[in-house]
Amino acid sequence: LTPGDETKITLLYGNKSVDDILLRAELDDLASKSNGRLNVVHVVGTRPDEPPIEGWDGELGWVDAAKIEKYGYPPSDDTLVMVCGLPAMYDVFC
C-alpha cells in the first residue's frame, strides 16, 4: 500500500478450512496497518451452505454473489474486480 494512494481494496479470500488460510497473519497485519484501505474477508468452507465452525467468526461457505454485494464496491468507472480461483468462479463472475 503506497503512501499517498487512497485506493481502497477488498480481498474476499476463500479457503476450505481455517488451517488452509495461506499468509493469514500477514494479510491481517497488512489490513490492520492500512488505515482502512485494505479489508480482508476470509471465507471458509467446502460447500455453499457450510455449517458453523467452532471458534470461527468469519464468513462461511464460498465466495459468491451475495458476499461480493455485501463487501464489494458498487459498479463505477473506477471500480475494478479481479477474479482468481477455480474455473467455476470464472463461469459465475466473469
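Helices (H or I, at least four residues) and strands (E, at least two) are DSSP runs, numbered from the N terminus. Residues are numbered from 1 along each chain as its sequence is written, and side-chain values use heavy atoms, with hydrogens and water left out. The model is predicted: local features need pLDDT of at least 70, side-chain atom pairs count only at pLDDT 80 or more, and totals for chains, interfaces and linings use all residues.

**Exercise 1.** Work out which elements the protein has and in what order they run.

*Solution.* 
- Start with the count: there are 3 helices and 3 strands.
- Then read from the N terminus on, which gives β-α-β-β-α-α.

**Exercise 2.** Find where R37 sits, and decide whether R37 is buried or exposed.

*Solution.* 
- Next, take the cut-offs: buried is under 20% relative accessible area, exposed over 50%, and partly exposed in between (1.4 Å probe, protein chains only).
- R37 is buried, because its relative accessible area is 11%.

**Exercise 3.** Now describe the protein as a whole: what share of its residues is buried?

*Solution.* 
- Of the 94 residues, 20% are buried.
- For the extent, the C-alpha atoms fill a box of roughly 40 × 30 × 20 Å along the principal axes.
- For contacts (heavy atoms within 4.5 Å), residues 24 or more positions apart account for 48% of those with a separation of 6 or more.
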